[in-house]
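Notebook open, two chains to go through. I'll jot down what I look up as I go.

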Amino acid sequence: MSSEIDQNIFGTVPDAYGRFGEYGGKYVAETLMSALSELETLYNKLSLDPDFQRELDQDLAHYVGRPSPLYEARRWSEQIGGARIFLKREDLNHTGAHKVNNTVGQALLAKHMGKKRVIAETGAGQHGVATATIAARLGLECQIFMGEEDVRRQALNVYRMKLLGAEVIPVSSGSKTLKDAMNEAMRDWVTNVDDTFYIIGTVAGPHPYPAMVRDFQCVIGREAREQSLAQVGKLPDALVACIGGGSNAIGLFHPFLNDQSVAMYGVEAGGRGMSSGEHAAPLNAGSPGILHGNRTYLMQDEDGQILHTHSISAGLDYPGVGPEHAWLKDIGRVSYVVANDDEALAAFHTLTRVEGIMPALESSHALAYAAKLAADMRPDQHIVVNLSGRGDKDIHTVAELDGIQF
Amino acid sequence: MSRIKGRFEQLAQQGRKALIPYIVAGDPSKDITVPLMHALVEAGADILELGVPFSDPMAEGPTIQLAHERALDEGTRLRDVLEMVAQFRERDKETPVLLMGYANPVARMGYAQFADAAHAAGIDAALTVDIPPEEVALLNTELRRVAMDNIFLIAPTTPDERMQLIADQASGFIYYVALKGVTGAGHLDTDQVATQLARIRQHTELPLAVGFGIKDATSASAIAGVADGVVVGSALVQCLSDGLAANEQPESLIARVAGLLAEIRRGMDNTGS
């Protein structure tokens, strides 16, 4: 399918308006437009500045602990009996997920802009923790917006953020999850735009965030590409990553987009099953619309109201998706598929028992799909799965499902 | 001539300023909105601004967020809002009506379909908070086709070059957001507003209305002294919400909101202009 795509187009998006084809853009209230322009100008300058890149690379190496390993899950692959499965171990990063790759980058930008305060939205709490962490290190005031429902199911991460000196602000409007946390963070940013830097955690939001967050996360795919060549002697046959907003997926996929032989699968949260309607899979079951500053696929009703979503994993419980994924779907470069709650939970248990690695429930969606994919592939082929985070934060959720109270 | 332009010209001749109340359509029920609109006109409204309920009203403070939730709970959707205006027009063909809302319900209906339906319903203008001039081309083409005005926001953070960009796309009037923040927040500094309005006037001859932070007759009359129009939103929505908390019936809710607007009208007409 990808052979029909002009291989030179991937470096051309977004355009000057932040558009990926008909997606992306800057759909925000006027108050924020000049702040976005300021950020865009600074980012364009610093992303070409060798000193900034050196500073970022230093942080990624010595603070985050990069490169993260590419680990072959031999026992699991053998059980499945198909392609070899490799795990890109973003769970081993400082703070336990890929989110920190981006917060380190954006916090450096905040420092260059002289901002004293950072804010962030969080769903599973991983982005909140990663933001609180970097704020502690740089001595920045930090407030994290988190839906009340997520505060409840991610109590451990809430406490981690508090320990790091951040204030966690529960959001009780709407569905009390990630989308509402993002609304509230936007409202705060509009109010405090002079001294505050908004660290968006995913490849959504208004331009330049989708491109900027992608660039910070591309370290995942660059490393995976080199590691695959070094360890296997060839590029992977397939990449698999879970998609909420889509930052870990775009980080893995983007450096491979020009490699026609590499198939890519973005796994959305199928929740209680696609036919139940209780899921968080806008690319599979949604339609284009405008939310949180960009045009993209959304879970919405026929009147354009945003629908409540459901996923067992708080980090995927979001009605939108990054605009670049919307574009990659339309041009057919990436396949967007689903794994439901039960499949993800099964994959969580399997990886834990078979490989001694406890994955985040978000990443477990990617694992669930990878297992199905691998079974239909040959042993001389290999898959790279983005193990985007570790599962410690989900122990309460899993225990509750098993009927265990602490 | 558009109803909005005509209304501002008429007011200018009388030496008065436009009073523009904002309510959320369908808050707290679908039935109340049309009678409330008529009552607001009787209380001195020059232009009516109707909020279109949206699940994610990102520019709103808590007061108006709750109003959006109440209206959505009652099932109020964009097409219902259009019907309400059509019904309002049966008795009032003079008062301009402006819809204020967010991009997605309009985009979902389709810009062309929205323009046709809104025009047919007797709506004069649209203000989509999250469609800045960079993204407005498609919508503006459709609004112009049916001779509807497109109202844009200018903020305290808007630099001069953007003011020009906005002025080039805007018609009817320009809405100056007096505060950095969400609706219903903060405290206004009239001198600062006056300075900003002078800057905007270098880029446009359109009337300038000011909103965000105008709470009562005192603040409204102060702003009326420097602007062409005054938008009052959260104060009215809060007034309605207070009535709801006291279990008031629709008639008393309408009376209390209209009463507050009448008080603001008297304040504006006695001073400032």
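This is a predicted model: local features need pLDDT of at least 70, side-chain atom pairs count only at pLDDT 80 or more; totals for chains, interfaces and linings use all residues.

Residues are numbered from 1 along each chain as its sequence is written, chains are lettered from A and ligands numbered from 1 in the order in which they are written, and side-chain values use heavy atoms, with hydrogens and water left out.

**Helix pair, chain A**

I looked up what helix 9 of chain A touches in helix 10 of chain A: A:Asp215, A:Phe216 and A:Gln217 meet A:Val219, A:Ile220, A:Gly221 and A:Arg222. By class I get three nonpolar, two polar and two charged residues (Ala, Val, Leu, Ile, Met, Phe, Trp, Tyr, Cys and Pro are nonpolar, Asp, Glu, Lys and Arg charged, and the others, Gly among them, polar). The axes of helix 9 (209-217) and helix 10 (219-231) of chain A come within 5 Å and cross at roughly 35 degrees. Axes here are lines fitted to C-alpha atoms, for helices over the stretch in contact, with angles from 0 to 180 degrees between N-to-C directions.

**Sheet, chain A**

Next I traced an open, mixed sheet of six strands in chain A, order 3-4-14-9-10-13; strands pair if DSSP finds at least two bridges between them. Its edges are strand 3 (70-72) and strand 13 (335-339) of chain A. Strand 3 runs antiparallel to strand 4 (84-89) of chain A over three bridges, and I found A:Glu72 opposite A:Phe86. Helix 14 (341-355) of chain A packs on this sheet, and its direction makes about 85 degrees with that of strand 13 of chain A.

**Sheet, chain B**

Chain B has an open sheet too, with nine strands in the order 5-4-3-2-1-9-8-7-6 and parallel pairing. Strand 5 (149-150) and strand 6 of chain B are the edges. I checked strand 3 (97-101) against strand 4 (125-128) of chain B and got four bridges, with B:Leu98 opposite B:Ala125. Helix 12 (250-270) of chain B packs on the sheet, touching strand 1 (18-24) and strand 9 (229-232) of chain B.

**Interface**

How many residues does each chain put into the contact? I get 36 from chain B and 36 from chain A. The buried area is about 3,000 Å², 47% of it from carbon and sulfur atoms (accessible area, 1.4 Å probe, that the two parts lose on being put together, summed over both). In chain B, B:Met58, B:Arg108 and B:Glu135 lose the most area, together 23% of what that side buries.

I also count eight salt bridges between the chains, a side-chain nitrogen of Lys or Arg lying within 4 Å of a carboxyl oxygen of Asp or Glu. One of them joins A:Glu30 and B:Arg162, with the closest N and O atoms 2.8 Å apart.

Most residues other than glycine have a negative phi, and most peptide bonds are trans. I noted a cis bond between A:Val13 and A:Pro14, omega about -5 degrees, and another from A:Arg66 to A:Pro67, omega near 0 degrees. A:Pro67 sits in the loop between helix 2 (50-64) and strand 3 of chain A. A:Thr95 has phi near 75 degrees and lies in the loop between strand 4 and helix 4 (99-113) of chain A.

Conventions:
Contact means heavy atoms within 4.5 Å. Helices (H or I, at least four residues) and strands (E, at least two) are DSSP runs, numbered from the N terminus.
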